[in-house]
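Me: I would like to go through this structure with you. Could we begin with how far the coordinates can be trusted?

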Amino acid sequence: MKFYRKHQRIAMAACAAGVALAAAACGGPSTSASLSSAPVGQPQVVPASAPALESSPSPAAGAAAAVASLAPGFPQKLVPLMPKASLKSSSLDKSSSPASAGLVGTIAAPASAVLAFYTPVLTAQGFKPVPGDKVGSTKVKDFVRSNGETVMISVVEEAGVSTFTIGANVAAGSLK
């Protein structure tokens, strides 16, 4: 149980970092003026080299986040987007050790279908599932690779739509 909780905390930290990167990438106060600057339907991508607004910290070098698209350099082989899923946000941080990648998506499918898709994808890459599949009412699945790399998936299902968050903490060389 300690092993599971330790890796769950690490994975949740990666997810939180991804969400923080995505939020920082959006930057600035949420006003109608700042929201109207991007054309409707266009993904917003903010690479690490973009200038930061005074009100938000700049992402670290080697870090990127994107809303409604994959962050530049996102490891699609490590964490592919589930077919028919809508991408909400993604993040990547190659400057940390371990490196981290995060993805948030939605799909009109049960939570069990999300876990059924990602389990063989990750096990084919050498990740082994950790016992346990729920925290409270949230479906979760943790995976670990022998070199200490981890991936955590959490899925919340509501009205037939599943929102899933995937956080990966891996060696920089694993970001493919």
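Reply: The confidence score here is pLDDT, the predictor's confidence in each residue, from 0 to 100. This is a predicted model, and the mean pLDDT of its chain is 78, with 66% of the residues reaching 70 or more.

Me: Where is confidence lowest and where is it highest?

Reply: Helix α2 (residues 32-35) is lowest, at a mean of 37, whereas β9 is highest, at 98. The pLDDT is below 50 over residues 1-42, a stretch with 48 contacts in the model beyond near neighbours in sequence. It is also below 50 over residues 46-56, where there are 20 such contacts. Where pLDDT is low, the predicted coordinates should not be read in detail.

Me: Turning to the largest nonpolar core, which residues touch the most other members?

Reply: They are Leu103, Tyr118, Ile153, Phe164 and Ile166, out of 27 residues in that core. Two or more residues each come from β3 (86-93), β4 (99-107), α3 (111-123), β8 (150-158) and β9 (161-170). The largest share, five residues, is given by α3.

Me: What does Phe164 touch?

Reply: Leaving aside residues up to four places away in sequence, its contacts include Leu81, Met82, Leu103, Val114, Tyr118 and Val155.

Me: On to charges: how many salt bridges does the structure hold?

Reply: It holds one, in which the side chains of Arg145 and Glu149 meet at 2.5 Å, N to O.

Terms used:
Residues are numbered from 1 along each chain as its sequence is written. This is a predicted model: local features need pLDDT of at least 70, side-chain atom pairs count only at pLDDT 80 or more; totals for chains, interfaces and linings use all residues. Side-chain values use heavy atoms; hydrogens and water are left out. A salt bridge is a side-chain nitrogen of Lys or Arg within 4 Å of a carboxyl oxygen of Asp or Glu. A nonpolar core is a set of buried Ala, Val, Leu, Ile, Met, Phe, Trp, Tyr and Cys residues joined through side-chain atoms within 4.5 Å. Buried means under 20% relative accessible area, exposed over 50%, partly exposed in between (1.4 Å probe, protein chains only). Helices (H or I, at least four residues) and strands (E, at least two) are DSSP runs, numbered from the N terminus. Contact means heavy atoms within 4.5 Å.
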